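Good morning, colleagues. I would like to take a few minutes to discuss strand pairing and salt bridges in one structure. Please look at the display first.

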Amino acid sequence: MKKLALLLILTLALTTVLASCSGNYDEGVATPGTEDGEGTTDGTDIDVKYNLRYEGYTYNIYDGKEIEITKYDFDYVAENDAEALEDEEEELKTVSLVIPDKINGIAVTKIAQNAFEKNSVLVSVAVPEGVIEIGNEAFWYSSALESVKLPDSLKVLGSRVFNYCPVLKSIEIPANITEIPAYLCEENFALESVTFKGAVTKIGKNAFAYCASLKAIDLGAELVTVEEGAFKWCSSLESVTLGAKVETVGASAFANCAKLSAISFGQVKEIGESAFANCAKGAVATFTGSDKTTVIVGNYNDVIKSALA
């Protein structure tokens with residue numbers, strides 16, 4: 001009798017454990033539940049529910065009013081959308097996502113670091129209005145990503161968010177983003193069009209390096225700094241105009257832009273080493289607002305030194 005009772009207890013316990021670990025994507029399934037006091041700076045408690053799941057999305061809820069999407073399970077599409085497959089027995093081929101603006105009535109405000117990284121099936125994504133932050137490397141190494149729509153509400157854009165999205169063809173940066181983060185679109189070999197909807201003041205390190213299909217870009221009138229390697233190896237780039245407020249062009253910023261033949265400066269003060277190394281043969285640089293005698297020019301910038309001679 002004692003053995004039978006013990007067996008029943010063990011069976012019940014095992015059933016409970018298996019139920020809690022099941023791959024359930026119903027709304028409001030949470031693991032591990034609630035923790036208080038996370039992420040505060042003023043001593044107040046924040047109610048945080050971690051690892052909730054909804055239609056393939058894993059997310060956190062903060063104080064019952066903001067959602068951060070932390071992960072997406074692409075297998076969810078394969079299991080729930082037959083049209084996403086070329087054949088029922090073949091692996092998932094492509095996914096297009098419209099990220100929800102609300103889950104269970106609560107606003108989605110943040111896409112976490114690495115949330116959609118390292119996937120080969122995502123071809124398009126629309127981030128909804130209301131999202132104010134996208135974390136570092138959120139879409140890094142999305143090797144099939146062709147198009148992306150970012151919301152005007154976006155205020156914080158992490159580094160490497162679209163790094164190595166080699167078939168992404170165009171991107172519009174919302175007006176609230178005034179400093180382009182480092183490595184944002186590095187190695188996006190198919191990128192042809194970049195549009196800044198606002199007044200950008202800084203292009204970060206390697207932000208558009210190795211974008212071999214980029215032929216032209218309007219950097220706007222408010223740009224002050226172009227950091228190291230920002231456009232290096234943009235081998236199709238033909239001309240660049242650096243507005244009146246640009247003061248610094250970092251080392252190798254436009255290095256190995258083999259078709260770059262026309263370079264225009266405003267009030268530039270410093271040009272880093274190799275900033276314009278290996279540009280097109282016969283490239284011409286013009287200075288419209290600088291006192292040429294005060295411009296500091298690093299080594300291996302022959303086209304610039306010729307214009308200053």
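Let me begin with a term: buried means under 20% relative accessible area, exposed means over 50%, and partly exposed lies in between, using a 1.4 Å probe and protein chains only. This is a predicted model, in which local features need pLDDT of at least 70 and side-chain atom pairs count only at pLDDT 80 or more, while totals for chains, interfaces and linings use all residues. Residues are numbered from 1 along each chain as its sequence is written, and side-chain values use heavy atoms, with hydrogens and water left out.

I turn now to the salt bridges. By this I mean a side-chain nitrogen of Lys or Arg within 4 Å of a carboxyl oxygen of Asp or Glu. The structure holds 10 salt bridges. One of them joins lysine 110 to glutamate 68, with the closest N and O atoms 3.5 Å apart. This pair links distant parts of the chain, since lysine 110 belongs to strand E7 (residues 106-111) and glutamate 68 to strand E4 (residues 66-72), 42 residues apart. Strands, labelled E, are DSSP runs of at least two residues, and helices, labelled H or I, are runs of at least four; both are numbered from the N terminus.

Are these two partners buried or exposed? Glutamate 68 is buried, at 9% relative accessible area, whereas lysine 110 is partly exposed, at 27%. Glu68 and Lys110 also belong, together with Glu133, to a network of salt bridges.

Next, consider lysine 197, which is partly exposed at 42% relative accessibility. Its side chain meets that of aspartate 152 in a salt bridge of 2.9 Å, N to O. Here aspartate 152 sits in the loop between strand E10 (147-149) and strand E11 (156-157), and lysine 197 in the loop between E14 and strand E15 (202-203), 45 residues apart. Aspartate 152 is itself partly exposed, at 43%.

Lysine 197 also forms a salt bridge with glutamate 172, the closest N and O atoms being 4.0 Å apart. Glutamate 172 lies in strand E12, 25 residues from lysine 197, and is partly exposed at 44%.

That brings us to strand E12 (residues 170-173), which pairs with E14 in the parallel sense over 4 bridges. Two strands count as paired if DSSP finds at least two bridges between them. Serine 170 has serine 193 in E14 as its bridge partner.
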